[in-house]
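This briefing goes with the sequence and structure shown below. Please read the points with the model open.

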Amino acid sequence: MRCKQARCPDHGPPLARPPGTVIESIRPRRRSVHRTTPPPPFALTARVCRARPRTTFGLHVTTDLTTGKPLRLILTFTLPLLAGLVLQQLYHLADAVVVGRTLGIQALAAVGATGSIAFLLLGFTMGMTNGFAIPVARAFGAGDADAVRRSVAVGAVLSAIVAAGLTLVGIPLSRQLLIWMATPAELLDGATIFMAVTFAGCSAGIAFNYLSGIIRALGDSRTPLMFLAVSSVLNVGLVLLLVGGTSMGIAGAALATVLAQLATVVACLALIARRMPLLRPRRADWRLRRADVVESLRLGLPMGFQMSIIAIGTLVLQYAINRLGPDAVAAFAAASRVDALAMTPYQAFGMAIATYVAQNRGAGQWSRIRQGVTQTAWLSVGVALAVGLACILWGTSMVRVFAGHDAHAEAILADAHTLLLVNGLLYFTLGLLFVFRSALQGLGHAGIPTFSGVVELVLRSAAALVLVTPLGFLGAVLAAPLAWVGALVPLWISWEARRRALTPLPDEPPLGAFPGGVTPAELAESDQTRS
């Protein structure tokens, strides 16, 4: 979008003026700043028109998180993320309701039996793609347009390689993985079908996670929300059609999610092609540099392995629950849907903090990093206490929607209430865990977050194997909170040490400085103008 001022040098003959001259617009209370300093090293146009903000379908394309009040910025950035995560969980809830009420509680248990294995393999890609977005956010915060495009290209190539490998390995191994997990025989066929369809379409989910991540890296959390809302509505409609209106059964539930994600990927690519030139790699950017690949892998692989480590603990827990019988599996699957919905605020805070810290690290805004992370940690604790209380009071009523009038409904509800009660009391530890882990990752430190994931794996697995035998379902429920507490300890210690030592590194700009005097907002705006 170009301004319409007659005296703007982008539209008329250049006027001689000193750098930073402010030209008053014809319209009142609107100004246009034109920088006439020499072009910076990354070939950004010397004149930047700031007459009006860049928007996409009524939404701002980018948000500069390096200026303004930290808590207000983080909260504003978090709310669309939270809405997107809630929508994502709601359409998972819709899947569970349709499957449970249309196909029966056994079909719901079959879908639930695949959760830990899918989390192990697909969770790796979720963490990995989030890690690939960190160099994009850092380059954007530093005002380096070329580095932004190179990072986008590197992440896209690596994501495609992982997606292809996961599809080729996951489909033939679906049934064997479930057998190794001691899945009850009556659930095995349905679970195998659901797993195979999920792996066949995993490329769509990986692509959407990556595209959403790089869009958020520019400070835009509302555009992914818009697409996720469309995907959620489409997914619910497809589930009703393919499960309730046809004879596809469990396969229809998995296929509905894949088709909805694929439609969203196409929409994201169309948006980037038309409105986000900063995220469009040029031909030269696809010639990957070794340093860029190493940096993306250095951040992406540890975050992916960290998710896999957590998932392995969940896998061990699922193995222990499977041995308790179909009712326990159904209770865990139903309560986990509510539990996942309750976790969305902490996940949103974590995603927002990772982008906030990465941008401010690129800009050398060290005091803002300390202030923003501390304030978000306190806010996360307050939200966790409120959400935990809501789960204790009303969580069982939500689980009742899945069980319907099944003969084993009361036993399932009793076990589900136990899970929500225990987790609800300790959600505040999970909130702090997400904030501190994401802050360290945004700073580029992958070692301690990975170590905390190992601690979480050991504690979750040990609790599942040791406590389930004497305590039954309660022993399985205690595994997650014990793992949260153990994983939080090294993260908190590491963050406190980093917080006190946050000083500019020799190769980074000083506090408040941008290369060539260009801010991230000006970078994105001028790049769109040139395109």
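Which residues touch the most other members of the largest nonpolar core? They are Leu317, Ile321, Val399, Leu419 and Phe473, in a core of 60 residues. The model is a predicted one. Its chain has 16 helices and four strands, and buried residues account for 57% of the 531 residues.

**Nonpolar cores**

- Leu317, Ile321, Val399, Leu419 and Phe473 are the members of the 60-residue core with the most contacts to other members. Helix H10 contributes the most to this core, with eight residues.
- Domain 1 (66-288) and domain 2 (302-502) each supply at least three residues to this core.
- Another core, of 34 residues, lies apart from the largest one, and its members include Phe132, Ile134, Phe208 and Ala358.
- Phenylalanine 473 is in contact with Leu324, Ala328, Ala331, Phe332, Asp415 and Leu419, when its neighbours within four places in sequence are left aside.
- Among contacts between residues at least 6 apart in sequence, 81% join residues at least 24 apart.

**Helix H10**

- H10 covers residues 326-363. Of its 38 residues, 32 are buried, so the helix is largely enclosed by the rest of the structure.
- At 1.5 Å a residue, H10 should span 56 Å; the C-alpha atoms at its ends are 53 Å apart, which agrees.
- H10 has a kink of about 40° at threonine 344, shortly before proline 345.
- After H10 comes glycine 364, which has a positive phi, near 70°.

**Glutamine 359 in H10**

- Glutamine 359 is located in H10. Is this residue buried or exposed? Its relative accessibility is 0%, so glutamine 359 counts as buried.
- The glutamine 359 side chain reaches the backbone oxygen of alanine 217 at a distance of 3.2 Å.

**Glutamate 456 in H14**

- Glutamate 456 is located in helix H14, which covers residues 447-471.
- Glutamate 456 counts as buried because its relative accessibility is 4%, and the cut-off for buried is under 20%.
- With which side chain does the side chain of glutamate 456 make a polar contact? The partner is the side chain of arginine 460, at 2.8 Å.
- In an α-helix there are 3.6 residues a turn, so residues three or four places apart point the same way.

**Helix H15**

- H15 covers residues 473-501, a run of 29 residues.
- Where does H15 bend by about 25°? The bend is at leucine 488, and proline 490 follows within four residues.

**Serine 308 in H9**

- Serine 308 is located in helix H9, which covers residues 290-322.
- With a relative accessible area of 11%, serine 308 is buried.
- Serine 308 and isoleucine 117 are 191 residues apart along the chain, and their C-alpha atoms are separated by 10.0 Å.
- Leaving aside neighbours within four places in sequence, serine 308 is in contact with Leu120 and Phe124.

Note on methods. Residues are numbered from 1 along each chain as its sequence is written. This is a predicted model: local features need pLDDT of at least 70, side-chain atom pairs count only at pLDDT 80 or more; totals for chains, interfaces and linings use all residues. Side-chain values use heavy atoms; hydrogens and water are left out. Helices (H or I, at least four residues) and strands (E, at least two) are DSSP runs, numbered from the N terminus. Buried means under 20% relative accessible area, exposed over 50%, partly exposed in between (1.4 Å probe, protein chains only). A polar contact is a pair of N or O atoms within 3.5 Å; within protein, one must be able to donate a hydrogen and the other to accept it, and residues adjacent in sequence count only if both atoms are side-chain atoms. A nonpolar core is a set of buried Ala, Val, Leu, Ile, Met, Phe, Trp, Tyr and Cys residues joined through side-chain atoms within 4.5 Å. Domain bounds come from an automatic or database domain assignment. Contact means heavy atoms within 4.5 Å. The expected span of a helix is 1.5 Å times one less than its number of residues. The bend at a residue is the angle between axes fitted to the seven residues ending there and the seven starting there.
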